[in-house]
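Take a look at the model below.

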Amino acid sequence: RATVACLDCHGVHHNYATLTHTAGGWLSNITLGGVLLVFLVMVAGAGAYTYADMQLARRWLASISPPPDESPAAGAQAPVGEPAAAIPAPAGEGGILPFPVVDASTCISCSSCYDSCPTNVLAGDPVTHKSTVVNANACKALEGCTICQDGCPTGAIRVTSAPLMRDVERPQIDEHSESNIPGLFLAGEVVGAALIKKAVNQGDQVVRYIADRKPRLADVPYDVIIIGAGPAGLGAGLEAKRKGLRYLILERATVASTIRDYPRDKAVLAEPVLLPQYGLLPMKDAQKESLIEAWEQVIRDNGLRINEREEALDIQKTDGLFTVTTPKGTYQGAYVILCIGTRGNPRKLGVPGEELPKVYYNLIDAADFRGKKVLVVGGGDSAIEAAVALSKEPGTTVHLSYRRGEFSRIKSRNASAIAEQEKAGRVTVIFNSNVTAITERTVTLKVEQQQLVLENDAVFALIGADPPKAWLEKIGIKIVTVQEAVGAQW
């Protein structure tokens, strides 16, 4: 029957004679072979059109792309005031540009490596005088330069393309975020998950593990006690409610106090987060005020119970149950999740005068320092953002002190912002400098081998924070030293 046209059959069996007649005689004579031929012609035409379109697209892209000899060379510096363009890393170990790594235990502080380095990749640590990498991006190892490695008398330096690592102290946890104390978990910034999305996800995952893999205890008031109402604590609380667990959230300050302590109008660089019982929380590059408002709306919508301004003073485990002591009483639970962050333990400068009230460890409102002479210490995103915010206040004089020779671990938008403010003369950046003393009216810096005294009304020491090591060790949590890639955030 393959030679019979469709309309002929319909005409015979379904009385569509009128339709057949209207369609015309040529249509009634179409065969299956003819249909296939038409189909093949259409496919071939579509393929030819697509190929031609791709060729046109390639020509257009070539017309707007710079020729190969005009692209920046590896290691080249962008013009002053402009952000450096991203340069593809060469193939190799992880595709990472090679740079020198120093073994401090065998370094004898002879300075031969950084004295001989043609691009100032290395420098002497201002405290230990041992060699340290301060400008990895300027390393010429790709061009065959190994002068630092060749000249080291003890073999303490080698050129590698492995990620630059540093030793950091973290609470000991396993793959489920459980500490050395069974049933006591840690999540969020206290174990290195500083990004909001990662902290929320970790808190959520810990509660899922408890609900799905840990036994329920009937004779206990709470299945889980969550300490801290930051991103990790809120993620844990929402998942606990979704799982039907008896939960308690304790917060020594207020909800999302870490975010509240950001500068006014600060843009929080956060990805959208999928929250339990809520859905997607859109907050990409949100202002801190809108982010806090969004968190509060989530809490209201889900009826999440949080005991604000109730600090956990002690945690003890007895007969398989945890007792958490606060100024208002004690609470018992089967499991505890610590989501306490590190913001309460800022790193100190360790210099005379640091105890003065003019020294701050975070910036809330730059307008409070309008017309003042201010020094910001640090080279991370927090320090850059604070310096930029302060520089926008009329009459404020801003100096930024950083102990290294360049900013190497900040977001591109912050690199652009600080370069713009420096070019406009609103911020003075002092590289290779360290604070040595603070007085009521001045601050003293050591800049390489010279001393610089600045008139000063306020100092912002924004050099990071450490886990509350002493308190964690007091309740029995082991602190271990782990290696972490410099600049890594997860």
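Predicted model: local features only at pLDDT ≥ 70, side-chain atom pairs only at ≥ 80, totals over all residues.

Lysine 411 sits in the loop between strand 18 and helix 12 (412-423), while aspartate 381 belongs to helix 11, so the pair ties together parts 30 residues apart in sequence. Lysine 411 is partly exposed, at 29% relative accessibility. Aspartate 381 is buried, at 12%.

## Other salt bridges

The whole structure has eleven salt bridges. One of them joins glutamate 239 and arginine 242, at 2.8 Å from N to O. These two are three residues apart in helix 8 (residues 231-242), which means about one helical turn separates them. Glutamate 239 is buried at 0% relative accessibility, whereas arginine 242 is partly exposed at 42%. Salt bridges with shared partners link Asp204, Arg208, Glu239 and Arg242 into one network.

## Cysteines without bonds

How many disulfides does the structure hold? It holds zero. The sulfur of cysteine 110 has its closest cysteine sulfur in cysteine 152, 6.1 Å away, so a bond is ruled out by distance. For cysteine 139, the closest is in cysteine 148, at 6.4 Å, again too far for a bond. Cysteine 110 is partly exposed; cysteine 139 is buried.

## The second largest pocket

This pocket holds about 620 Å³ of space. Its lining has 21 residues, and Leu122, Ala123, Gly124, Asn432 and Glu448 lie nearest its centre. Strand 2 (residues 122-124) gives the largest share of the lining, three residues. By class, the lining has five nonpolar, ten polar and six charged residues.

Definitions and conventions
Residues numbered from 1 in each chain as written. Heavy atoms only, no water. Disulfide = S-S within 2.5 Å. Buried < 20%, exposed > 50% of the residue type's maximum accessible area, 1.4 Å probe, protein only. 1 Å grid on protein atoms, 1.4 Å probe; cavity = no way out; pocket = protein on both sides within 12 Å on 5 of 7 lines; lining within 4 Å. Points joined across faces, edges and corners; volume = space filled by probe spheres on them. Helix = DSSP H or I, 4+ residues; strand = E, 2+ residues; numbered from the N terminus. Nonpolar A, V, L, I, M, F, W, Y, C, P; charged D, E, K, R; others polar. Salt bridge = Lys/Arg side-chain N within 4 Å of Asp/Glu carboxyl O.
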